[in-house]
Amino acid sequence: MAYKNVQEKSVEKKVAADWFGKFDCTETVGRIDFGVKTKGSEDDYVYWAEAKQKPTDIYQMLAQLILTIKADADNHIPPKFIGCFDCEKIAFIEYHYVLPVYTLNDFDWTQTPSSVNDKTIETVRNTIDGNRIFTFYFDSDRTELKNFIKENFKLDENTNLFSTLIDKNNFIFVYQKWQKMVMPYISADWDLLKKKYSIYDRDFFLAELNIDDNSTTDLHDDRIVNRDFYITFDAKSEKPYQLKRTDNFGMEFIIPFGFKKDGLHRYTDFWKRYRRPPQNEYWNYIVERVDLLVPQDVRERKGAFFTPQIWVEKSQQYLAKVLGENWQDEYYIWDCCAGTGNMEVGLTNKYNVWASTIDQQDVDVMKERIRNGANLLDNHVFQFDFLNDDFSKCPQGLQDIINDPEKRKKLVVYINPPYAEGTTATTVTGTGSNKAGVATSHKTYEKYKSIIGKATNEVYAQFFIRIYKELPSAMLAEFSTLKILQSISFKDFRKAYLAKLEKAFVVPSKTFDNVKGGFPIGFLIWDTQKKESFSEIFADAFDAKGNYIGQRKFQVDDENSLPINNWVKLFSETKEKAKGLLDTRGNDFANQRYIYFTHQSFVITAHSMGVYISENNLVPISIYLAVRQIIPATWLNNRDQFLFPNDGWKTDREFQTNCLIYALFHGQNKISATQGVNHWIPFKESEVKAKERFDSHFMSDFLAGKIKTEKPMDLFSDSVEPLRATSLQMTPESQAVMDAGRELWRYYHEQPDANPNAGLYDIKEYFQGRNSKGDMNPKSDDKQYTELLDNLKTAMQALAAQIRPKVYKYGFLK
């Protein structure tokens, strides 16, 4: 290791001297360990990093850095890159790729960086796209690291800074920084501009952003200038901002605005960091998504989001299927969280459509669109806080419908509501960030929290219950996650909300803006006139391109059903007897990749519900891993829950044996001889022609019936003994896996430097190696190894086919 015997602060000095000599590394922000900025600058940081002396997990260091930035650097402009390093490696990631962490609704911001817990580390690991992290080892990647810094930390010859391209991934972040650095120094009456001219700070930002080679605003974009009033910018003018209006006679109306004291300096300093104007493709995207350029607190409060047009069109087709092809003429439509009105695209009868939103700025955008041809009525678009305001604030025509029981039966509340929880805010599209009280500060919350219980922590549940209770008999057509159906937190909601689900479709969450993770977002049409509880739905499923891929059944969590982790806890074992450790997480498919076997020396941590493995519980623990891994996780089954099984598995020796063999040879068996004694070699030395004696014969002895087991916790009745090796019932499929595995082991032991105690994980690592990030490569150049591994995979697939039906038969899944 390059800095193995160096103290932490000395590691920082060494890294600064060896890699960032052209920069200033003598200062940093708050408690951030390490900062790199341009020489002679005040606050022009290009890199912030967490530093450690000993080898440390990258995601642990990033989690600590994110907490530190939140606590100490919230008012500073973050650099392009953040990262971390220890005595052996250094990592970089562009800051905007960690922004999704700030939208999470279960992130604990109260912990200190030095005491970051395992749950937080895993949350960061799951949220950040690992492909965006560049990791270099000081010893082996010196050339690559040097080139990376040279290419990504380029100094501008004139400004001594590097400039960042503005694109669709970072333009919101750039706008938010502009609000802090430039906007306060513009001499403008923002309230007057908003009320009299419908001009907002974002109009000033866009004018600055879209300057041409002459440092003046490019006026070729009709989406900017075809408004009653618009802003232009001329950097050469004493008062560079101009509020303009051109009347029908060609007369131009102009009001100029200048900078306050130090404003020009602030403006110049800010735009040194970015390249203007953006490329055409990015500029088009920014203008189309101008609704996102609102202050952060507004975005959190209203839950700004954007429904892709492909699903807007699909939702209207489904409404036509339920309500009839003339539904737009026969029904009234109210989108009570309309944002900037993209859900209204495709609606044809503007006299029957109302659109409201919490923020006046979005109302102004919709009215601009009306003036530019949007098919809405100006007096049908209005500001309305659905979770706080009384219906008397609605336009009279809509009030007449709300207050008439017969007309109300023809009202369709058509929404993609905000998705936010009590201490944070986000939407189904992933926008927003942590803000206390966003779900608990509404009148609707106070009114219905005793009825729907924990579901009041979800803003969209508050929308639904108010619609159900205060707009009785209306139709509800809504986009949302499927928590309403699948979450145990919604059990009280399901008792209070009795409506018939007429039709539904589901689509991948990743088709919505900035969503992390893969899960279904549903469009559900409810008839609140028909009172019925629901236990399951059949929804049409579409892929990201809108292609129909079949029908999917989703079932409600039965509150009498127990989760699978309650079952596996029954087999807990002491560490003293441990031969391995099962690491577990939540009960759904979303946690599939976190279910694995590891070495017994590992400690059960707060984030997991690990179970130590011995001869007494080896079989049920193997069943657990097999059941959790046997069916691939997809966006469709992401939230499906694994359950406490019925008793059928207890007497099925074939099933038990198949699961044991499947778990032994599965890729999630990560037990390695590098971590200590490996008890998981399923063969004897002679079978695989090992050159040395194995340190442990536990697994081969267990499979040969040489190890006696105890009866665990009286789980079985007196008539059913726990599985012992003597009662193993090998099937042709499980025997084929053993045979394929034996051939792979033999080939490994032919290698001159083979470790006699190697497990399957070690063998894969030997032939496949690791990349610069430390991840195991997906394949090997060794053709014979590849062929033997393919044979093992084929045998495993055949074995999985034998196990899979019994996962449902024994109630592990519905």
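Is Asp129 buried, exposed or partly exposed? In this predicted model, Asp129 has a relative accessibility of 28% and so counts as partly exposed, since that class lies between the 20% limit for buried residues and the 50% limit for exposed ones. Its partner in a salt bridge is Arg132, with 3.9 Å between the closest N and O atoms. That separation falls within the 4 Å cut-off, so the contact qualifies as a salt bridge. Arg132 is likewise placed in the partly exposed class, because its relative accessibility is 36%.

A salt bridge also joins Lys367 to Asp378, with an N to O distance of 3.5 Å. Lys367 belongs to helix α14, which spans residues 360–371, while Asp378 sits in the loop between α14 and β13 (381–383); the pair therefore ties together parts that are 11 residues apart in sequence. For Asp378, the relative accessibility is 37%, which means that this residue is partly exposed.

Turning to another pair, Glu765 and Arg770 meet through their side chains in a salt bridge, at 2.6 Å from N to O. Glu765 is partly exposed, with a relative accessibility of 25%, and Arg770 is partly exposed as well, at 35% relative accessible area.

Beyond these pairs, a network of salt bridges links Asp57, Glu122, Arg125 and Arg585. Across the model, the count of salt bridges comes to 25.

Key. Residues numbered from 1 in each chain as written. Predicted model: local features only at pLDDT ≥ 70, side-chain atom pairs only at ≥ 80, totals over all residues. Heavy atoms only, no water. Buried < 20%, exposed > 50% of the residue type's maximum accessible area, 1.4 Å probe, protein only. Helix = DSSP H or I, 4+ residues; strand = E, 2+ residues; numbered from the N terminus.
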